[in-house]
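This briefing is intended for a reader meeting the structure for the first time.

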Amino acid sequence: MSDALSTNARDLAEEAGAALLAAQTESDLAQAKARFLGRSGSITLLLREIPTLDPDTRRTAGQAINEAKKAVEALFTARRQAIKDASLAVGSGHPIDVTLDARQPWRGHLHPVTRAWREITDIFSSMGYTIEEGPEVETDWHCFEALNIPQGHPAREMQDTFYISDFRPGATVDAMADGVVLRTHTSPVQVRTMLRSEPPIRMICPGTVYRRDSDLTHTPMFHQVEGLVVDESITMADLKGTLAEFARAYFGAATQIRFRPSYFPFTEPSTEVDVTCSGCSGSGCRICKGTGWLEVLGAGMVDPDVFAHQDPARYGSSRIQGFAFGMGIDRLAMLKYGIGDLRLLFENDIRMLEQF
Ligand code: PHE
């Protein structure tokens with residue numbers, strides 16, 4: 001008896017729920033409610049039966065019936081509010097179609113430089129490189145002196161370097177206040193990494209760099225990735241293999257590289273590295289000015305004069321050798337995503353950024 005009553009109560013609550021949800025106006029709603037909770041509503045009739053039940057069944061059945069009543073009342077209140085809200089909106093003269101999809105939230109996009117930055121770091125991480133960091137406001141010593149760029153070197157000319165404070169001749173790593181600059185390249189992080197660790201070293205450092213330069217292909221702020229590997233018996237062949245592997249991972253499996261002799265004060269020998277043009281795969285096009293090759297980075301074997309600034313116990317052995325490379329992230333991003341003008345990267349025009 002009690003089970004039958006409980007089941008009946010639940011069935012009625014479900015039926016009432018469907019009726020309330022189907023109601024579109026307040027009077028529909030009131031009618032639906034009366035059918036179940038009115039003076040002779042079906043749930044009301046069940047409620048009246050409770051006192052006549054024997055004590056054993058009274059508890060469980062009474063509970064089920066009261067629950068049904070409460071559920072229907074709660075649904076009624078919610079539904080009444082919903083109908084009221086909808087009619088308010090209609091009443092304001094602007095009917096609202098509540099079945100329309102909500103407006104999609106505006107989603108941001110990764111900046112092409114951020115994408116290239118992450119892709120490059122992922123490639124080198126997968127080869128076992130650590131990711132290092134260094135300050136953008138750097139000492140003259142780390143940025144130039146320790147990299148075999150003595151005073152008077154063109155890289156220090158006022159038109160290239162942003163000086164924070166003047167370089168004092170004879171400044172050392174201990175006199176940090178002497179000669180403070182905005183770093184012009186990420187190479188000082190080579191110096192810092194060697195100062196704080198010992199071989200074997202296998203690191204890259206992506207970062208922001210600054211030069212007093214501004215035209216079609218130069219912006220005063222841009223981005224580089226430095227690479228440094230130091231261990232016993234590291235050779236130029238290791239450099240070549242590493243960069244070929246990187247070029248294939250970044251530009252595609254068919255990419256080839258070529259080395260051209262070059263000069264950097266902190267590498268000997270030094271080389272500039274080209275990759276086959278991503279626009280024409282080497283046959284010659286506008287991007288590569290018909291040559292089929294694109295210059296993407298500078299590299300070389302670490303000059304012994306650079307090791308000479310380091311702890312001789314760690315870097316003094318003639319067996320310790322290394323290679324270093326530096327590449328422009330902005331340029332790599334432009335080549336990969338077909339962006340023609342460097343300045344587009346930093347104007348933050350939403351129409352440009354939305355394409356990524
Ligand atoms: N630091 C050099 C530059 O900014 C690039 C470079 C890095 C070259 C490491 C050789 C080795 O032009």
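A disulfide is defined here as a pair of cysteine sulfur atoms within 2.5 Å. By this rule, the count comes to zero disulfides. The model is predicted, so local features need pLDDT of at least 70 and side-chain atom pairs count only at pLDDT 80 or more, while totals for chains, interfaces and linings use all residues. Residues are numbered from 1 along each chain as its sequence is written, and side-chain values use heavy atoms, with hydrogens and water left out.

**Cysteines**

- Cys 285 takes part in no disulfide, and the nearest cysteine sulfur, that of Cys 280, is 3.7 Å away.
- Cys 285 is partly exposed, with a relative accessible area of 23%, whereas Cys 288 is buried at 4%.

- Helices (H or I, at least four residues) and strands (E, at least two) are DSSP runs, numbered from the N terminus; two strands pair if DSSP finds at least two bridges between them.
- An open sheet is formed by seven strands in the order β1-β5-β6-β10-β9-β8-β7, and its pairing is mixed.
- At the edges are β1 (130–131) and β7 (257–264), each of which pairs on one side only.
- Strand β6 (residues 221–232) pairs with strand β10 (residues 320–328) in the antiparallel sense over nine bridges.
- Along this pair, Glu 226 stands opposite Gly 326 in β10, and Glu 232 has Ile 320 as its bridge partner in β10.
- Strand β9 (residues 293–302) also pairs with β10 in the antiparallel sense, over five bridges, and Gly 300 stands opposite Ala 324 in β10.
- β7 and strand β8 (residues 267–276) are antiparallel and share seven bridges; they form a hairpin with two residues between them.

**Helices on the sheet**

- The sheet has β6 and β10 paired in the antiparallel sense.
- Helix α5 (residues 112–126) packs on the sheet and touches β1, β5 (201–210), β6 and β10, where contact means heavy atoms within 4.5 Å.
- The direction of α5 makes about 165° with that of β5; axes are lines fitted to C-alpha atoms, for helices over the stretch in contact, and angles run from 0 to 180 degrees between N-to-C directions.
- Helix α7 (residues 188–196) likewise packs on the sheet, touching β5, β6 and β10, and its direction makes about 140° with that of β5.
- Seven of the nine residues of α7 are buried, so this helix is largely enclosed by the rest of the structure.
- The buried residues of α7 are Pro 188, Val 189, Gln 190, Val 191, Arg 192, Thr 193 and Met 194.

**Around the ligand**

- A residue is near a molecule or strand if one of its heavy atoms lies within 4 Å of it.
- Which of the 14 residues around the ligand come nearest? They are His 185, Ser 187, Arg 211, Gln 224 and Glu 226.
- A polar contact is a pair of N or O atoms within 3.5 Å; within protein, one must be able to donate a hydrogen and the other to accept it, and residues adjacent in sequence count only if both atoms are side-chain atoms.
- Polar side-chain atoms lie 3.0 Å from a ligand nitrogen atom in the case of His 185 and 2.9 Å from a ligand nitrogen atom in the case of Ser 187.
- An N or O atom in the side chain of Arg 211 is 3.1 Å from an oxygen atom of the ligand.

- Ile 131 is found in strand β1 and is partly exposed, with a relative accessible area of 42%.
- Ile 131 and Cys 205 are 74 residues apart in sequence, yet 5.6 Å apart in space, C-alpha to C-alpha.
- Ser 270, in strand β8, counts as buried at 7% relative accessibility and is the bridge partner of Ser 262.
- The side chain of Ser 270 reaches the backbone nitrogen of Phe 264 at 3.1 Å and makes a polar contact with the side chain of Thr 267 (2.6 Å).

Methods:
Buried means under 20% relative accessible area, exposed over 50%, partly exposed in between (1.4 Å probe, protein chains only).
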